[in-house]
Amino acid sequence: MRIVYDLEAALEDADAVIALRLQRERQSSGLLPSLREYSRLFALTMDRIHRNGQPILVMHPGPLNEGVEIMPDVATSAQSVIEEQVTNGVAVRMALLYKLALTR
């Protein structure tokens with residue numbers, strides 16, 4: 001494992017990348033740059049996911065802040081499995097809730 005602090009360096013050998021939702025409600029604390037700067041530095045763009053010359057699987061648990069942590073064309077690209085990931089996440093949570101309800 002290697003730790004890097006640059007998104008492009010992290011994507012160099014990646015087979016998959018998962019983006020998480022930036023919580024805009026925490027933006028006011030001053031820990032993050034502006035949304036524009038954050039997007040410029042950290043958003044998944046088509047250029048970034050194609051830079052290493054191999055397809056990178058794109059994941060995101062939802063909900064998305066399109067244009068902030070992930071660009072719309074990336075979210076809907078052939079490399080994206082976001083829709084399946086969100087659908088499966090709902091099914092898993094439903095099954096867990098059902099199982100918990102039966103054990104009481």
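How much space lies in the largest pocket? I looked this up in a predicted model, in which local features need pLDDT of at least 70, side-chain atom pairs count only at pLDDT 80 or more, and totals for chains, interfaces and linings use all residues. Residues are numbered from 1 along each chain as its sequence is written, and side-chain values use heavy atoms, with hydrogens and water left out.

**Entry 1: the pocket**

I found about 240 Å³ of space in the largest pocket. On a 1 Å grid over the protein atoms alone, a pocket is an open set of points where a 1.4 Å probe fits, with protein on both sides within 12 Å along at least five of seven lines; lining residues have an atom within 4 Å of a point. Grid points are joined across faces, edges and corners, and the volume is the space filled by probe spheres set on them.

I noted 14 lining residues, with Leu7, Val17, Ile18, Phe42 and Leu44 nearest the centre. Helix H1 (7-11), strand E1 (16-18) and helix H2 (35-42) are the elements that each give two or more residues to this lining. H1 gives the most, with three residues. Helices (H or I, at least four residues) and strands (E, at least two) are DSSP runs, numbered from the N terminus.

I then sorted the lining into 12 nonpolar, no polar and two charged residues. Here Ala, Val, Leu, Ile, Met, Phe, Trp, Tyr, Cys and Pro count as nonpolar, Asp, Glu, Lys and Arg as charged, and the others, Gly among them, as polar.

**Entry 2: the aromatic pair**

I searched the whole structure and found one aromatic pair. The ring centres of tyrosine 38 and phenylalanine 42 are 5.2 Å apart and the planes stand at 50 degrees, so the pair is tilted. Rings of Phe, Tyr and Trp (its six-membered ring) pair if their centres lie within 6.5 Å; planes under 30 degrees apart count as stacked, over 60 as edge-to-face and the rest as tilted.

Both residues lie in helix H2, four residues apart, about one turn of the helix. Tyrosine 38 is buried, at 15% relative accessible area, whereas phenylalanine 42 is partly exposed, at 38%. Buried means under 20%, exposed over 50%, and partly exposed in between (1.4 Å probe, protein chains only).

**Entry 3: arginine 24**

I located arginine 24 in the loop between E1 and H2. Arginine 24 is partly exposed, with a relative accessible area of 43%. Leaving aside neighbours within four places in sequence, arginine 24 is in contact (heavy atoms within 4.5 Å) with Leu35, Asn65 and Val68.
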